Amino acid sequence: MKKTYLGLAAALLLGVTACDTARQTQEAENQTPVATTTNTGPTPAGAIMSKNGLRVYAFDDSQQYPESALRLNTPPAGGLVEPGPVEFNYSLSNYQLTRMTPHSNAEHMANSQQGQHIHNIVDNEPYTAHYETTFTKDLKEGDHVILSFLSRSYHESLKHKGAYDLRMVTAGKPAERMQFDLKAPHMFYSRPKGEYVGKDTEKIMLDFYLVNTDLSPTGNKVRATINGTEFMLDRWLPYIIEGLPMGETTIKLELLDNNGNVLPGPYNTVERKITLKES
C-alpha cells in the first residue's frame, strides 16, 4: 500500500510539473517580443512612390510648433524703399532661432549647424537663411514679392497660417509694374537647394510653400519632375527623395488644378538644379 501511495504522489508531481511547463511555454509563445528598432530617418506618411530607381514619400513626424508666429515689420506691405540694401525686421513669437530642432530627423537630412531660422524668398529666387530677426538684403529696382517663413534646423518649413508672411514691396520707381494677386493660389520653391555631400545625399528633402491653396487627391496637386521622372504630390507635406545619382539633378515643380492644368501665377512653375557629391 505504501508503494502505491508513493507511486500516486510521484505521478501527481510529474503531472503538475508537466502542466506548469506547458503553461510557461504557452505564455512565452503568446508574449509580444520587444521590438528592436533602428532609427532610419523620417517615417513615410502614406505610400512610397518608386520609379526609375527613385523613391519619393511624404513625412509628417517632425516636431510641431502650432503657436509659433512670424510677422515682417519692415519693409512695410505695399511700401516704397530705395534700391540697394534694405533692412528687414521681424516680430517673432513662440519660436527660438538658432536652436537645433529636437528631432532625430536632423540626423538624417542636411541640417544647419546654426539651428532654426527664417527663410526669406524674394521673387521666388533661392531663399536666404537668417538666424536673427533683423538683417539687410539688397533689392533691385522694381516690384518684389517677398515670402518669409519659419524653418526647422533641417530646413523643413512650418506650414500653419501664422508661420509665414507674404507681401509686395516696391524698390525705386520701376518703369514697368508687376501684377501679382496676393489672394490667388501660389507655390514657392524652398528645398532642395545647392550642394549635398556624403551622407546628406542619401535622403534629400523636397519642400515647397503654398499660399491660398492646399493639395488633395480630388483637388490641386504638385507635379514634381525629378531628372525627367514625374511624381504627383497630393498632400502639402515635406517629401524625401532617395536614389538620386551623384552629379547634377534637375527638379521641376508645377502647381496643377484637378484637371492637370498649371494654375495661373508667376511662380507656379519652377525648375532648379542641385548637385550631389560623394565627398
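**Before starting**

The model is predicted: local features need pLDDT of at least 70, side-chain atom pairs count only at pLDDT 80 or more, and totals for chains, interfaces and linings use all residues. Residues are numbered from 1 along each chain as its sequence is written, and side-chain values use heavy atoms, with hydrogens and water left out.

**Stop 1: the open sheet**

Select β4, β10, β9, β6 and β7. These five strands form an open sheet in the order β4-β10-β9-β6-β7, with mixed pairing. Strands here are DSSP runs of E with at least two residues, and helices are runs of H or I with at least four, numbered from the N terminus. Two strands pair if DSSP finds at least two bridges between them. Strands of a sheet pair through backbone hydrogen bonds, either parallel or antiparallel.

Which strands lie at the edges? They are β4 (80-81) and β7 (128-130), each of which pairs on one side only. Next, select residues 117-122, which are strand β6; β6 and β7 pair in the antiparallel sense over three bridges. Show H119 as well: its bridge partner in β7 is A129.

**Stop 2: strands around β5**

Select residues 84-93, strand β5, together with residues 69-74, strand β3. The two pair in the antiparallel sense over five bridges. Here L70 has L92 in β5 as its bridge partner. F88 stands opposite F135 in β8.

**Stop 3**

Select T74 and P75. The peptide bond from T74 to P75 is cis, with omega near 0°, and P75 is in the loop between β3 and β4.

Then go to N94, in the loop between β5 and β6. N94 has a positive phi of about 55° although it is not a glycine. Is N94 buried or exposed? N94 is exposed, with a relative accessible area of 54%. Buried means under 20% relative accessible area, exposed over 50%, and partly exposed in between (1.4 Å probe, protein chains only).

N212 also has a positive phi, near 65°, and is a residue other than glycine. N212 is in the loop between β13 (204-211) and β14 (221-226), and at 39% relative accessibility N212 counts as partly exposed.

**Stop 4: aromatic rings**

The structure holds eight aromatic pairs. Rings of Phe, Tyr and Trp (its six-membered ring) pair if their centres lie within 6.5 Å; planes under 30 degrees apart count as stacked, over 60 as edge-to-face and the rest as tilted.

Select F188 and Y267. They form a tilted pair, 5.5 Å centre to centre with 45° between the planes. F188 lies in strand β11 (residues 186-191) and Y267 in the loop between β17 (247-256) and β18 (269-277), so the pair ties together parts that are 79 residues apart in sequence. F188 is buried at 1% relative accessible area, and Y267 is buried at 8%.

Now select F149, Y164, Y209 and W236, which ring pairs link into a cluster.

The charged end of K51 sits over the ring of F231, 5.5 Å from its centre. The charged end of K193 sits over the ring of Y127, 3.9 Å from its centre. A charge sits over a ring if NZ of Lys or CZ of Arg is within 6 Å of the ring centre and within 35 degrees of the ring normal.

**Stop 5: pocket and cavity**

Select Q64, R152, E156, S157 and K159. Of the 14 residues that line the largest pocket, these lie nearest its centre. Its volume is about 160 Å³. On a 1 Å grid over the protein atoms alone, a cavity is a set of points where a 1.4 Å probe fits but cannot get out, and a pocket is an open set with protein on both sides within 12 Å along at least five of seven lines; lining residues have an atom within 4 Å of a point. Grid points are joined across faces, edges and corners, and a volume is the space filled by probe spheres set on the points.

The pocket lining divides into seven nonpolar, three polar and four charged residues. Ala, Val, Leu, Ile, Met, Phe, Trp, Tyr, Cys and Pro count as nonpolar, Asp, Glu, Lys and Arg as charged, and the others, Gly among them, as polar.

Finally, the whole structure has one cavity of 30 Å³ or more. The largest cavity holds about 40 Å³ of space. To see its lining, select M109, A110, Y154, H155, R191, Y196, K203, I204 and M205.
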